Amino acid sequence: MTQQSVATADKLDAAVLKVAGVVVLGAIMSILDVTVVSVALPTFQSEFDASYARVAWTMTAYTLALATVIPLSGWAADRFGTKRLYMVALALFTIGSGLCATADTIGELIGYRVLQGLGGGMLMPLGMTIMTRAAGPHRIGRLMAVLGIPMLLGPIGGPILGGWLIDTASWHWIFLINLPIGVVALIYAQMALPKDAPEPSESFDFVGMLMLSPGLALFLYGVSSLPEAGTFAEAKVWAPMLVGGALVVAFVLYSFKPRHPLLDLRLFRNRSLTIASLTLFVFIIAFMGAGLLFPSYFLQVRGETTLAAGLLMAPQGIGAMITMPIAGTLADRVPIGRTVPFALGLIVVGFFSFTQVDPQTSYWLLGGSLFVMGLGMGGTMMPIMTSALRTLQAQEVARGSTLVNILQQIGGSVGAAVMSVILTNELNGSRVIPGLVDPNGNPVTEAGLAIASQQRPEVLQQNPVDPSIIERGLDFAATSFATTFWVAFALVVLTFIPAALLPRRRQPAQLDDPQGELVKTPVVIH
């Protein structure tokens, strides 16, 4: 075969691009949904009269649902067929989006977000499987470039789109916008995706799933109940934490017994996988947890509109967009033990500014810090994931990828719950304003009134107080955010410990699998 014919064979033809279009539509919906909701959390607080720790469950529940279905998707695709399952995932996500827009209580919204997450969690792994079958493993690099578009644009476009929809319409539209996209994607999928023959494969570990998912949910629910309860002695705190923790421990002990466990913890015998997974897990708890609080600071302490908060977050996405392709290229040439610590250093430098925030911190400083953090993030996540998988044997890669994916989602869930609990707990320490109660009869704090007045100035007309109280409340709120950022900052610094053990020499890759086993359950960034 001539060099020209090889190049032609490597190009993505019209049939492959038609299939890619379906997958990109699904990816846009699932990725945008995470970042769109991030700017809506303060809106949910005022709309449903709930604490930050409570509304953060709209993110926590979603990511836990993602973690639940990621391992299920590979088994179900073999059992029911990728086309049929992909359309079911699209329908679940779209129906979940529509139901989210109808929620009257924060509990309903959290429940509908679980349904949305069950669909969203399957879209990316199934989409990658469909695309790989259509194009073949030799064109996976070009396919990743196509899928990389929504991955890169999501962190930039999501907060801006969410802010614009909330400001110009209402919070309901951050979910309603998925309905037309979902309907178009379903019709497009029916027409474009090739039929496939289901082939029942290995058994699925339903016992493991029934232990891990409820265990994590119960444990994190107990943690998030702490600010409201005020003490670990309350049954609503320790009881779910105890039961959830017991279920997670039982899952770890059980997972070494089945032939095909939900998570193959035996893979942790591979030192490279263990170090990379630990680095990724600690990093995601810190970075994703704090990432939810950045727009909230702009909204609640600085009084910005939701659109402005989304625009102020854009430098982080731009920074990641610059370094992610470079990091992908370097990952094949330079050992990540030499590049990831440098990228983490950029994150630490950028992050430090947020530990010093007050009600007047310069936007130029914060925007520059977010850009530097974005540069570091783009050079951190994908190289670590690549390192986690590249030394595995071909037959281990699907299970390794599932393991890394679920650890990522669990880390995001833990980060969202822990950081929101710390912030809520800090804000609860604000001084109570004598004689002032909210519509539910609860005492109003200085920080609570100051935050409410930043978002709804008419609150001060209904509750006239000395301006010094509002000023003191804003100072306290900013300090609460800064304290929470200090915790996240310390966790990012802690990430240097496992990162120092990442390979500093070229590793022999074990991924040369002619059957394309690598992408059966691919690495997904949400």
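Which side chains meet in a salt bridge at 3.1 Å, N to O? Select D264 and R266, whose side chains form this pair; a salt bridge here is a side-chain nitrogen of Lys or Arg within 4 Å of a carboxyl oxygen of Asp or Glu. D264 counts as buried because its relative accessibility is 5%, while R266, at 22%, counts as partly exposed (buried means under 20% relative accessible area, exposed over 50%, partly exposed in between, with a 1.4 Å probe and protein chains only).

Before going on, note that this is a predicted model, in which local features need pLDDT of at least 70 and side-chain atom pairs count only at pLDDT 80 or more, while totals for chains, interfaces and linings use all residues. Residues are numbered from 1 along each chain as its sequence is written, and side-chain values use heavy atoms, with hydrogens and water left out.

Next, select R472 and E446, whose side chains meet in a salt bridge at 2.7 Å, N to O. R472 lies in helix 23 and E446 in helix 21 (residues 446-455), so the pair ties together parts that are 26 residues apart in sequence; helices are DSSP runs (H or I, at least four residues), numbered from the N terminus. R472 is partly exposed at 34% relative accessibility, whereas E446 is buried at 6%. A search of the whole structure finds 2 salt bridges.

Finally, show helix 15 (residues 293-300) beside helix 23 (residues 467-494), which pack at an angle of about 170° with their axes 11 Å apart. Axes are lines fitted to C-alpha atoms, for helices over the stretch in contact, and angles run from 0 to 180 degrees between N-to-C directions.

Methods. Helices (H or I, at least four residues) and strands (E, at least two) are DSSP runs, numbered from the N terminus.
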